[in-house]
Amino acid sequence: MSQPNIILINCDDLGYGDLGCYGSQANKTPHLDRMAAEGIRFSDFYMASSVCSPSRGAMMTGCYPRRIGFGTFEGFGVLFPGQGIGLHPDEITVAEILKGQGYATKIVGKWHCGDQPAFLPTRHGFDSYYGLPYSNDMGIQASPLATPAPPLPLLRDEEVIEEQPDQASLTSRYVEESVRFIRDQRNRPFFLYFAHMHVHLPHYVAWRFLKTAINGPYGAAVECIDWSVGVLLHEIKRLGLDEKTLVIFTSDNGSRGDRGGSNRPLRGGKFTTWEGGLRLPCIMRWPGAIPAGAVCHEIATAMDFLPTLARLAGAAPPADRIIDGKDIRPLMVGAPGATSPHEAFFYYLGDRLQAVRSGPWKLHVWRDSATVQELYNLAHDLGETRNVAADHPDVVADLEAKAAAMRKDVGDAATGAEGSNCRPAGRVENPQTLTHHDPEHPYLMAMYDLPDRG
Ligand code: MG
């Protein structure tokens, strides 16, 4: 099979229950619903973290965050502007592998794996970059900070081309940039990583979406995402690339569960290791290769993208290091009897191992600075409401053993385990922010009067 084009769409803080095809009654998502109807929808798909930077680093490298030094960042849960930490230059990203296979590679949108030059996407396998290097609430806002934040930078490759860009029009600009790339690269395999700004707070959305959404600014942001997916799908069809293009849609972590966001029917959300934090929508469409209208209930993860996409491009995943992701092509194409390649999935919050899942069983082992022992059967109790640990000591023992093995391998700050197979994050001396507050600069402050941070 020839190398497919790959479009990977990643949202920010979009929850499990935010799309029509995942049960939302509040948001209208006709394009995503159609994408699911024409492809496969995963019900048990996980990101490796319930917050941005670790989730994204894991997806790019195919590894649990702690394995690549992305559990926490000098005490912070995510990277902040001007921190001297990022994805280690020696890490191999999915973009790097695809580039090595002859793909044109581009990222549009949020990176959040380090804002120092050594850590930018252009140093990690992407030919070009257009977007915000971190979260959209990390610029100048109405909410008071001790020191004025550096203005939000919009980057082209490694150059700041605008400070405090109008967020309401940014998704349109991302779409235009993406369509341009697809057209330019139509005659060779391409990899487009479209990392949305939405639906992270603050919610600045174009008026045309605000006007019709029934779920407030949050719903408008979801519908803006849906529109953008519609444009990309329309474009690949128009160019005759439908059967040559794999499109993947997912989100970096669960919704906060307020302000209109939903992880229903899951418990918890962003910042937690309840299902709502890490279990996300994942839709894949590739006519001719992926069966239409399929639903996969097997465990799959964003870490699987790297080995899976590598194989699709004709490459092997890196063999000189541990990669946690697995090749999930059999699940994607609906191979008869295909089962999850994961014997277990591990839920970390920062550097702490908090839960482990195997099959339908999920055991919570740590929460809020204390050991816990809560067992849930997700097949019967998706909302994690009934702790049945006392009824299944054998299952608890098995999951405890799996957790213990993971602690030895990747570590766990809750128990003090270092982990014998961790690699360091990248570090630079004397880090600088990409922008500096300049009182003479005519920032569009009026556009930034929302105090929301997410
Ligand atoms: Mg996020």
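This is a predicted model: local features need pLDDT of at least 70, side-chain atom pairs count only at pLDDT 80 or more; totals for chains, interfaces and linings use all residues.
User: What makes the radius of gyration of the protein chain agree with a compact globule?

Analyst: Start with the length, 454 residues. The globule rule is 2.2 Å times the number of residues to the power 0.38. For this chain, a compact globule would have a radius of gyration near 22 Å. The protein chain has 21 Å, so the two agree. Its C-alpha atoms fill a box of roughly 65 × 55 × 45 Å along the principal axes.

User: What share of the residues count as buried, and why are they called that?

Analyst: The share is 61% of the 454 residues. They are called buried because their relative accessible area is under 20%. As for the surface, the chain exposes about 16700 Å². Carbon and sulfur atoms supply 52% of that area.

User: How do you know which side chains to call positive or negative?

Analyst: Lys and Arg count as positive, Asp and Glu as negative. By that rule there are 43 positive and 53 negative side chains. The centres of the two sets lie 4 Å apart.

User: Into which domains is the protein chain divided?

Analyst: Domain 1 covers 5-332, and domain 2 covers 345-427. The contact between them takes 38 residues from domain 1 and 34 residues from domain 2. Contact here means heavy atoms within 4.5 Å. Taken over C-alpha atoms, the domain centres are 26 Å apart.

User: What does the secondary structure come to?

Analyst: The protein chain has ten helices and 18 strands.

Conventions
Residues are numbered from 1 along each chain as its sequence is written. Side-chain values use heavy atoms; hydrogens and water are left out. Helices (H or I, at least four residues) and strands (E, at least two) are DSSP runs, numbered from the N terminus. Buried means under 20% relative accessible area, exposed over 50%, partly exposed in between (1.4 Å probe, protein chains only). Accessible areas come from the Shrake-Rupley method with a 1.4 Å probe; for residues, only the protein chains shown count as cover. The place of a charge is taken as NZ of Lys, CZ of Arg, CG of Asp or CD of Glu. Domain bounds come from an automatic or database domain assignment.
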